[in-house]
Amino acid sequence: MRADNTLRVILNIALFNGMHVERAQEKFVRLFAFEGDLLVHLAFKLQNSNAADNLYQAITDAITLTQDQSRT
């Protein structure tokens with residue numbers, strides 16, 4: 001979903017332990033997520049490799065955070 005007039009994309013999916021996230025090519029981040037009961041493949045093309053690195057790191061950090069919280 002794209003936010004109106006902000007040039008931001010809003011991603012409304014649950015992050016979960018074991019979620020597959022990968023850097024693909026220079027500007028892409030790919031992941032698998034659930035929409036309802038359906039597993040879907042999502043690919044994000046960003047403006048440069050630094051933005052792709054930042055998104056990848058933010059997603060993996062959030063997954064790690066949820067994984068750590070589930071252990072306590």
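**Notes on the predicted model**

1. D53 has a relative accessibility of 36% and therefore counts as partly exposed, where buried means under 20% relative accessible area, exposed over 50% and partly exposed in between, with a 1.4 Å probe and protein chains only. The side chain of D53 meets that of R23 in a salt bridge, at 2.8 Å from N to O; the term stands for a side-chain nitrogen of Lys or Arg within 4 Å of a carboxyl oxygen of Asp or Glu. R23 lies in strand β1 (residues 21-24) and D53 in helix α1 (residues 49-71), so the pair ties together parts that are 30 residues apart in sequence. R23 is likewise partly exposed, at 27% relative accessibility. Helices (H or I, at least four residues) and strands (E, at least two) are DSSP runs, numbered from the N terminus.

2. On the basis of the numbering and the model: this is a predicted model, in which local features need pLDDT of at least 70 and side-chain atom pairs count only at pLDDT 80 or more, while totals for chains, interfaces and linings use all residues. Residues are numbered from 1 along each chain as its sequence is written, and side-chain values use heavy atoms, with hydrogens and water left out.

3. The structure holds two salt bridges, and one of them joins the side chains of E22 and R30, at 2.2 Å from N to O. E22 is partly exposed with a relative accessible area of 22%, and R30 is partly exposed at 33%.

4. Three strands make up an open sheet in the order β1-β2-β3, with antiparallel pairing; two strands are taken to pair if DSSP finds at least two bridges between them. Because β1 and β3 (38-45) stand at the edges with a single partner strand each, one side of each is left without a neighbour in the sheet. Neighbouring strands of this sheet are turned by 25° against each other on average, direction ignored; the axes are lines fitted to C-alpha atoms, for helices over the stretch in contact, and angles run from 0 to 180 degrees between N-to-C directions. Between β2 and β3 the antiparallel pairing extends over eight bridges, and F28 stands opposite K45 in β3.

5. Which residues of the largest nonpolar core touch the most other members? Of its 13 residues, they are I13, M19, V21, L31, A33 and L42, and β2, β3 and α1 each supply at least two residues of this core. A nonpolar core is here a set of buried Ala, Val, Leu, Ile, Met, Phe, Trp, Tyr and Cys residues joined through side-chain atoms within 4.5 Å.

6. L31, found in strand β2 (residues 28-35), is buried with a relative accessible area of 0%. Leaving aside residues up to four places away in sequence, L31 touches I13, M19, H20, V21, V40, H41, L42, F44 and I59, contact meaning heavy atoms within 4.5 Å. L31 and M19 are twelve residues apart in sequence, and their C-alpha atoms are 7.6 Å apart in space. With the same exclusion of residues up to four places away, I13 touches M19, L31, A33, F34 and L42.

7. A search of the whole structure finds one aromatic pair. The ring centres of F16 and F34 are 5.6 Å apart and the planes stand at 45°, so the pair is tilted; rings of Phe, Tyr and Trp (its six-membered ring) pair if their centres lie within 6.5 Å, and planes under 30 degrees apart count as stacked, over 60 as edge-to-face and the rest as tilted. The pair links distant parts of the chain, with F16 in the segment before β1 and F34 in strand β2, 18 residues apart.
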